[in-house]
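Subject: Structure for your review

Dear colleague,

Please find below the structure that I am handing over to you. My findings follow it, and I would be grateful if you read them with the structure open.

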Protein chains: 2
Amino acid sequence: MRDVYVVGIGITSFTRLEYPLVEIAAYPGLMALRESGLNKVDHLYVANMGGGRINGQTGLASAVVDHMSLTPAGAETIENGPASGASAIKQGYMAVASGMHDIVMVIGAERMREVNNLEATDFVATLTHPHAEYIYGVTLPAMAGMFARLYMEKYGVTSRHLGMVAVKNHANAMHNFFAHLHQPITLEGILDSPEAATNNPMVADPLRFFDCCPVSDGGACVILATGDVAKKLDKPMIRLAGIGQATDTHTLHERQEPTDLLAVRAAAKKSFAMAGVKPGDVDVAELHDAFTILEIVESEEIGFFKKGEGHIALEKGLTKPDGKLPINTAGGLKARGHPVGATGVAQAHEIVLQLRGEAEKRQVKNARIGFTCNFGGFGNNVVCLTFIKEKEK
Amino acid sequence: MRDVYVVGIGITSFTRLEYPLVEIAAYPGLMALRESGLNKVDHLYVANMGGGRINGQTGLASAVVDHMSLTPAGAETIENGPASGASAIKQGYMAVASGMHDIVMVIGAERMREVNNLEATDFVATLTHPHAEYIYGVTLPAMAGMFARLYMEKYGVTSRHLGMVAVKNHANAMHNFFAHLHQPITLEGILDSPEAATNNPMVADPLRFFDCCPVSDGGACVILATGDVAKKLDKPMIRLAGIGQATDTHTLHERQEPTDLLAVRAAAKKSFAMAGVKPGDVDVAELHDAFTILEIVESEEIGFFKKGEGHIALEKGLTKPDGKLPINTAGGLKARGHPVGATGVAQAHEIVLQLRGEAEKRQVKNARIGFTCNFGGFGNNVVCLTFIKEKEK
């Protein structure tokens, strides 16, 4: 296999975007092209989940490749629910690694606010099992609520710990211009004060409003290429060194131990093995905190902390920007926002910024190894990526 | 790059299928596993276009991989409109060729008859440009009608030639148990007799009912693997030797010469170059006859016949099963049916049957090189595959 590098990145604000889905996708693509100095690519992948359903548009990648004047490059839309972004990056990796293509653009884009929030929840619920879950009214927040309750009972996690994830990630997002929520919050405001019940109502017990990510529009892009292409550019060499993916049962109730996220565990293990590094080597990580509980549990399953001790690491501040392992420096899904198809690419975007040393006020010092965990369904299809900054040219 | 072989195939009937989309996808997958003697795969791709929109199901590949008990193998859904199938095969190829995975299952599946025929036409029209075509009521049959009219004026193709494609492909489908339409037709019945106007009403002038493919449910599968895996199986070695893909303008009216299908031309050229063969070397081909005119035009753009002479080759019977270059021996989209996401995989399925010598009554003698053309949108994203049977082990 040939080595694969990130040679360009781009992103939109994650917020309500009034312009069409094709443009949400194209904008970060053009931004990445401009940054890289490239004017063509050999192939395009667009990660997207709801184009057909909520935007009335299929064949999205073909539309985007033409919109950017990148024809006759081939193009496909990649869908793996909320993990579509990292899945598309995996396809891009293989296209370059195999020798099929030299320069591959990977865009993630979603226009979720075409629908209202109630419809958005129903749209995301199409990920659940159609005959064993969906028809009974299960939604992702409901699943996450049940999961959180079990986890709290078993491992001593409290609502306060969940709140700490939200407070940290909202604070991180204050330094990210492209984040959806620029709203500093405190444990007092969302849990302790008399106004907390109003500020932070229950959504799916024990998860409250500030435990859930917002519904966002947005797009992000990474351009992947061979070492020969990367060497010519005036940027640090960021290698996509490890990719791990694993699936688990579709239904949550079929899992032997529902508080274990086995697909996260397996995907992370594969990603580290491929990259030849260990969890302890990671300098900065982007985890999939669609619900606050997930950041805690993923930080354990990946191997950053022991099982059942993620909330203790959080309490100690280890995952803050100045901690031992900063997590979700850009605000996470919680505060950067979660346009589902875009999220995995946005995670990679943040890691590349960090490893390049371009993350400005949220820069993690001397970051050399970065990691992303993109979580599809309710953990039934997970993709983990490991990025390594190579020594100076 | 490592060589990649087809080590197992499976297919459902293309017809109205009452069972759920996940099972339409899983059935040919299990059939292919049984045929190959394998009991696990490293990765799964599912080609599908309408899961989110017409079946209310996203994350389809994750559902299918669990339904077949193939977890923890990774999985993605690949969407490239009606060319989703060949696009998914391309991903499978790169996964094996790159060394990322050794055995990759590629399924194409669609459950289109969840909606009625009118809604199916609207669903397919979501492929058109949302702001320059769709909102004005353009549908794929309408585009194909305008395209056919131009082509007929320019190259002397007649409604009789279009009818000949339908008659040939309906005849071919009579020997394909899995075809949607087992209905022999004649030029007299659909064009010349007094009943013809009733039998074969106008759909989009000059295209009549029998110029358009039916709306079908169905699934198909190919399993791709390394030479080491293929050698162990008791089947001829069928190598996926060439892959070519190209895109063109999204809107038809922006093409300099709207009767040219430049993406077909470019994709075929790349596929042949990669395989190291010429159009004249091909023994059997599957073309994308969603509308009869397309089989004629593609046969020219691919290089089987000169531009403007496809209809003459057809007239001479060169594309019949006993002709020089049999096209659509399984009935084509016209008569096998066109469950959009499944079609590209079904085309590969037929070529593998032919090259193995397992095509029974429709077997093309001594077929060694096979070719497929899978046509996305209205020719804005085309994927062509070349398969070669290797010498006996």
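Within chain B of this predicted model, helix H4(B) meets helix H15(B) through B:Ser84, B:Gly85, B:Ala86, B:Ala88 and B:Ile89. On the side of H15(B), the residues that take part are B:Val340, B:Gly341, B:Ala342, B:Thr343, B:Gly344, B:Val345, B:Ala346 and B:Ala348. Sorted by class, the residues of this contact comprise 8 nonpolar and 5 polar, with no charged residue.

How are the two helices arranged? H4(B) and H15(B), the latter spanning residues 340–356, pack at an angle of about 60 degrees, and their axes are 5 Å apart. Because of this angle, H4(B) is oblique to H15(B).

The second finding concerns the two chains. Their contact draws on 50 residues from chain A and 50 residues from chain B. On the side of chain B that touches chain A, the elements giving two or more residues are helices H2 (51–54), H3 (60–67), H4 (84–97) and H11 (262–275), together with strands S3 (74–79) and S8 (238–247). The largest share of that side, 6 residues, is supplied by S3(B).

Yours sincerely

Notes: Residues are numbered from 1 along each chain as its sequence is written. Chains are lettered from A and ligands numbered from 1 in the order in which they are written. This is a predicted model: local features need pLDDT of at least 70, side-chain atom pairs count only at pLDDT 80 or more; totals for chains, interfaces and linings use all residues. Two residues are in contact if their C-beta atoms, placed from the backbone, lie within 7 Å. Helices (H or I, at least four residues) and strands (E, at least two) are DSSP runs, numbered from the N terminus. Axes are lines fitted to C-alpha atoms, for helices over the stretch in contact, and angles run from 0 to 180 degrees between N-to-C directions. Angles under 35 degrees count as roughly parallel, over 145 as roughly antiparallel, 65 to 115 as roughly perpendicular and the rest as oblique. Ala, Val, Leu, Ile, Met, Phe, Trp, Tyr, Cys and Pro count as nonpolar, Asp, Glu, Lys and Arg as charged, and the others, Gly among them, as polar.
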